[in-house]
Amino acid sequence: MEILNILGSPRKNGTSARIAKAFAETAERRGADIYSYYLNGLQYRGCQGCEGCHTRSDKCILRDDATEILDKMYTADVVVFSTPIYFGDASGQFKLFYDRMWSLIGPEYKKDPENASRLEAGKIAVLILAQVARSSEHEDVLDRYTMYLEMYGFKVLPIVAKGLDMMPNTDISTFAMEAEQLARELVI
Ligand SMILES: Cc1cc2nc3c(=O)[nH]c(=O)nc-3n(C[C@H](O)[C@H](O)[C@H](O)COP(=O)(O)O)c2cc1C
C-alpha cells in the first residue's frame with residue numbers, strides 16, 4: 001500500500017504533523033510505503049488559473065516541487081492531508097498546494113462534474129485538522145475540504161484535533177491514538 005503524507009503545517013513537529021506521524025509510523029510498521037512531503041520546505045507556486053491542464057496537457061504545466069506530489073496522487077492508495085486551522089481555513093502552504101490539485105480534474109468537469117476526476121475512484125483521504133477552538137467553530141473547513149476531496153473521488157476519513165493549545169508541543173495523545181487506530185484499520 002502506498003501512502004502519501006502531505007504536511008501542511010510550517011511546524012515540523014507541531015500538532016498536525018505529530019498526528020500524521022502517528023498514522024504514518026503505524027502504517028509503515030504494517031508494511032505500507034510512506035512518502036512524506038513537508039510543504040513548507042518545498043518550492044512551488046499556487047495554481048495560475050491558466051487552464052493548461054485542461055487544454056494543452058493532462059497535467060499541471062507548472063514544473064516545481066508540487067509536480068512530484070501531484071504525480072504521486074495517481075498511484076497512492078491513501079493520501080494524508082494535514083493542516084492547522086489558520087484564520088478559519090487551512091494554512092497558506094496547504095491552500096497553495098490544494099489549488100494545484102485542480103489539474104487532477106479532467107476537462108469534462110462542466111458536463112459531468114461527478115465523474116471529472118483523473119484519479120481512480122475509491123482512494124482514501126485522511127484529513128487531519130488541528131485547531132485551538134473547541135466548538136463547532138471550524139466545521140465549515142471540514143465540510144468544504146471534504147466536499148472537494150470527494151469531487152476527486154476520495155473517501156474522506158477526518159481526524160479533527162480541537163481544543164489544542166497554541167504551542168507546538170501540546171499533548172495530542174488522544175488524536176495520535178485515533179490516527180494509529182485508523183492506520184490499523186486501513187493497513188491490514
Ligand atoms: C496564524 C495563525 C492563525 C490561527 N488561526 C486559528 C483559528 O482561526 N482558529 C483556531 O482554532 N486556531 C487557530 N490557530 C491555532 C492553530 O490552529 C493551532 O495552534 C494548531 O494546533 C496548529 O497546528 P500545527 O501545530 O500543526 O501547526 C492559529 C494559529 C496561527 C499561528
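**Group meeting: a walk through a predicted model**

With 6 C-beta neighbours inside 10 Å, Phe 87 counts as exposed. I start there, but please keep in mind that the model is predicted. Phe 87 sits in the loop that links β3 to α3, the helix of residues 92-100. Its phi is near 45 degrees, which is a positive value in a residue other than glycine.

There is another residue of this kind. Glu 51 is not a glycine, yet its phi is positive, at about 65 degrees. You will find Glu 51 in the loop between β2 and α2. It has 13 C-beta neighbours inside 10 Å and therefore counts as partly exposed.

The loop between β2 and α2 also holds Asp 64. Is Asp 64 buried or exposed? It is exposed, because 12 other C-beta atoms lie within 10 Å and a residue with 12 or fewer is classed that way. Setting aside neighbours within four places in sequence, Asp 64 is in contact with Gln 43, Tyr 44 and Arg 45. Take Arg 45 from that list: Asp 64 and Arg 45 are 19 residues apart in sequence, and their C-alpha atoms are 7.6 Å apart in space.

Now to the sheet. In what order do the 5 strands of the open sheet come? The order is β2-β1-β3-β4-β5, and the pairing is parallel. The strands at the edges are β2, residues 33-38, and β5, residues 155-161; each has a single partner strand, so one side of each is left without a neighbour in the sheet. On average, neighbouring strands of this sheet are turned by 15 degrees against each other, with direction ignored.

For those new to this, strands of a sheet pair through backbone hydrogen bonds, either parallel or antiparallel.

Let us look at β3 and its partners. β1 and β3 pair in the parallel sense over 5 bridges. In that pairing, Leu 7 has Ser 82 of β3 as its bridge partner. β3, residues 78-84, also pairs with β4, residues 124-130, again in the parallel sense, over 7 bridges. Follow this pairing along: Val 78 has Ile 124 in β4 as its bridge partner, and Pro 84 stands opposite Ala 130 in β4.

Helices come next. Helix α2, residues 65-75, packs on the sheet and touches β1 (2-7), β2 and β3. The direction of α2 makes about 145 degrees with that of β1. Helix α5, residues 173-186, lies across β3, β4 and β5, and runs at about 160 degrees to β5.

How many of the residues of β3 are buried? The count is 7 of the 7, so β3 is largely enclosed by the rest of the structure. In a regular strand the side chains alternate between the two faces of the sheet. Both faces of β3 are covered.

Let us stop at Val 80, which belongs to strand β3. It counts as buried because it has 29 C-beta neighbours inside 10 Å, where 20 or more is the requirement. Not counting residues up to four places away in sequence, what does Val 80 touch? The list is Ile 3, Leu 4, Asn 5, Ile 6, Ala 20, Phe 23, Ala 24, Val 126 and Ile 128.

Several of those names return in the core. The largest nonpolar core has 44 residues. Those with the most contacts inside it are Ile 6, Ile 19, Phe 23, Val 80, Val 126, Ile 128 and Ala 179. Helix α1 gives the most to this core, with 7 residues. As a general point, in soluble globular proteins, nonpolar side chains tend to be buried together.

The last topic is the ligand. Which residues are closest to it? They are Ser 9, Gly 14, Ser 16, Pro 84 and Ala 133, out of 18 residues that surround the ligand. By type, the shell around the ligand divides into 11 nonpolar residues, 6 polar and 1 charged. Helix α1, residues 15-29, gives the most to this shell, with 3 residues.

Methods: Residues numbered from 1 in each chain as written. Predicted model: local features only at pLDDT ≥ 70, side-chain atom pairs only at ≥ 80, totals over all residues. Pairing = 2+ DSSP bridges. Helix = DSSP H or I, 4+ residues; strand = E, 2+ residues; numbered from the N terminus. Axes fitted to C-alpha atoms, helices over the stretch in contact; angles between N-to-C directions. Contact = placed C-beta atoms within 7 Å. Near = placed C-beta within 6 Å. Nonpolar A, V, L, I, M, F, W, Y, C, P; charged D, E, K, R; others polar. Core = buried A, V, L, I, M, F, W, Y, C linked by C-beta atoms within 7 Å.
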